Amino acid sequence: MWKVEGMDCGSCAATIRTAIERLPGVSGLKVSITNETLSLVLDETKTQITAIESQIRNLGYPPSLLRSASAPAETITSKGMEKPAPSWWQTSKAQVAATSGLLVVLAYVASVVVPQASYWVFILATVVAAAPVAKRAVMAAMAGAPFTIQMLLTIAAIGALFIGAAEEAAIVVFLFAVGEVLEGVAANKARAGIKALGALVPKTAVVEDAGQLREVSAEALRIGQIVQVRPGDRVPADGKVIDGISSVDESPITGESVPKLKEPGAEIFSGSINHDAAIRVRVERTAQDNMISRIIALVEEAQEAKAPTERFIDKFSRLYMPLIVGLSALVAVVPPLLLDGDWTTWVYRGLTLLLIGCPCALVISVPAAIASSLSTAARHGLLVKGGAVVESLAKAQVVAFDKTGTLTLGRPFVTDVVPVGSTETEVLALAGAIERESNHPLAQAVAARAEKDGVSLVEAANVRALPGRGMEGSVGTDTVFIGAPRFAAERAAVDARLARHISDLEEQGKTVAVVVKGRAITGLLAFRDEPRADAQKGLAELKGLGIDVLMLTGDNIRTGQAIGRKLGVNVQAEMMPSDKSETVRSIAQSRHIVMVGDGINDAPALAAAHVGVAMGSGTDVALEAADAALLRNRVTDIASLVRLSRATMATIRQNIGIALGLKAIFLVTTVTGATGLWMAIVADTGGTVLVTLNALRLLGFFGTWREKTPAEPPPLQASLKMA
């Protein structure tokens, strides 16, 4: 197995694969872009390891051997894997781009000061940036992959220099060098996001050993060991609770916004956070097989399965370049040989034809449109990671949403205050007095509602948390308890009418807390994570674009269906990260799907979709696993992304039509002798100008309709009316 530096895209992996799999004795070849690794089974009697490394190095990707075929797995050191990657500005690609850019600037300065020297400085800038690309193109061709994008750029640069367009050649190769640097930065950030998943699991765990507590490495935990998890600690391993009752925040794993009660026998996941009281957990899975490790594996697997969209120009060049070269040769040779034509005339026409076929306009047309699209998107809070994502967004047929933090705000709110023999103000005053000292999400929701309604809280004493049950305190001479209905029933009678009311609230997907004063129920509080203000409008806009919408959530069925009914969207609930990923992968087999999420639990599904989109308020892991991010957290921005992407692809098609159309016209006029060499320059340069101007129109894309969108999302009621 080798670590292969600089392997940042599907084209890189394809080139390496083509070159290596042709060598004798090579089998079982696996190339991982995410991990920057190459592994294979090698018969060293046919090909030596040094030959493999030499071939990879010649392609421009320095390899580092991590394990030889004869070395046992346990001898692997992590030194190679843990070696930090160089900063982007330290890479050879960045140095080439910087040098080329400085030379281009110097050439423009020279054009004012010493005009005669500027031409030669442009040539030098072209050679500096194109030389390493040309070397890779030649080596790839020798290895069996002649028509790569590197070869296309090399031909474009040489053709431009040959016709004297040194300035154009320098700009083209400089932009290509910058693109390669940005591609590497994006790939490294994606890898950093995967590594960040591991930080969710604590490094150490408190293990019970012969009646004593000792701290050990979480990675060393074995199945069957008992660990103690204190309030505020992260759970170090997947397992089962064997002692203690506490509420646990599983939002990093399932996306569930309301902490879950954990009692003896309940399953618990590594990375979740214990809230109320110490619990004892029996380890059921090792560190290599826990929930976080499986999420990491799912993300890596999905990213490897979803290779970036192959660049259109690279695919087209496989037919276009051989056709142009062959046609030029025929024009130059056939008439003199078979038709007694003049060699000078027909060689001139063949050369003109070759120059007209120079793909400079094609090389510039696509990145110019993509650059304009990404720029206007960024100015409107829409970050997209590259042109392949734009192309994929334009094909969207289904958009799947996570619920918590994506379609909803991600935290519980008090939706109902039901007084029983009292008033709403009295219920909130009692509840707020007890809950104001707690940092539990439901307690914070009560405090926020009391503050919003301007309720003056009464004084409470002896306030304490009852782990897994609720909160208790004294108000005057009475004991006040707030907790789940089943625990409130132990303190006060719940009549049939009130029980039906509680059941109705729970059927709406709400969490119900009962306020008990003394031995009587004072009222009910209902909580639920509510939809974002623009969620309804955002879903309606997607449907208007002919796109189906779906909600995938780790919440319980009742909560999911209640939110689904409110937003008018189909729902699949009680889904683990692997369930979401599998559902997205299943849909992706027949339809083009976009996944929108915000949490760590969404990362596998984001990676499994054709395009993953993260809310800007989401976790770093979700943002890194995603292909795009919505910095303003607006559901309506998904439709904006799709509109912009479709407009971008329309512009790209127009640009390709312009570039190829001009070439087709001048191909005919060249063969007939109507145009000469100087017109080849006009055709190529004119096409470049036209496609660039057409691409720049995208900078004003949002000016036609975006201004009609409110600066802030409208209230939900208004959104419903607008939809």
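Of the 45 residues in the largest nonpolar core, Phe 401 and Val 613 touch the most other members. A nonpolar core here is a set of buried Ala, Val, Leu, Ile, Met, Phe, Trp, Tyr and Cys residues joined through side-chain atoms within 4.5 Å. Buried stands for under 20% relative accessible area, exposed for over 50%, and partly exposed for values in between (1.4 Å probe, protein chains only). Helix H24, spanning residues 636-671, gives the most to this core, with nine residues. A second, separate core holds 24 residues, including Val 427, Ala 429, Ala 431 and Val 475.

The model is predicted, so local features need pLDDT of at least 70 and side-chain atom pairs count only at pLDDT 80 or more, whereas totals for chains, interfaces and linings use all residues. Residues are numbered from 1 along each chain as its sequence is written, and side-chain values use heavy atoms, with hydrogens and water left out.

Leaving aside neighbours within four places in sequence, Phe 401 is in contact (heavy atoms within 4.5 Å) with Thr 406, Leu 407, Leu 539, Leu 542, Val 549, Leu 550, Met 551, Leu 552, Met 595, Val 596, Val 635 and Ile 638.

For the chain as a whole, the secondary structure comes to 26 helices and 26 strands. These are DSSP runs numbered from the N terminus, with helices (H or I) of at least four residues and strands (E) of at least two. Buried residues make up 51% of the 723 residues in the chain. Among contacts between residues at least 6 apart in sequence, 68% join residues at least 24 apart. The chain exposes about 32000 Å², and carbon and sulfur atoms supply 58% of that area; accessible areas come from the Shrake-Rupley method with a 1.4 Å probe, and for residues only the protein chains shown count as cover.

Not counting residues up to four places away in sequence, Leu 38 touches Met 1, Trp 2, Val 4, Ile 16, Ile 20, Leu 29, Lys 30, Val 31 and Ile 56. One of these, Ile 16, is 22 residues from Leu 38 along the chain, with 9.1 Å between the two C-alpha atoms.

Turning to strand pairing, three strands form an open antiparallel sheet in the order S10-S9-S12. Strands S10 (260-262) and S12 (273-274) are the edge strands, each pairing on one side only. Two strands count as paired if DSSP finds at least two bridges between them, and S9 (residues 246-249) pairs with S12 in the antiparallel sense over two bridges. Asp 249 has Ile 273 in S12 as its bridge partner.

Most residues other than glycine have a negative phi. Asp 340, however, has a positive phi near 60 degrees. Asp 340 sits in the loop between helix H10 (312-338) and helix H11 (343-356), and is classed as exposed because its relative accessibility is 72%. Glu 574 likewise has a positive phi, of about 55 degrees, without being a glycine. The loop that holds Glu 574 runs between strand S23 (570-572) and helix H21 (577-588), and the residue is partly exposed, with a relative accessible area of 48%.

Charged side chains complete the picture. With a salt bridge taken as a side-chain nitrogen of Lys or Arg within 4 Å of a carboxyl oxygen of Asp or Glu, the count comes to 25. Asp 238, Arg 285 and Asp 289 are linked in a network of such bridges. Arg 285 is partly exposed at 30% relative accessibility, whereas Asp 238 is buried at 1%. Arg 285 also meets Asp 289 at 3.9 Å (N to O), and Asp 289 is partly exposed at 38%.
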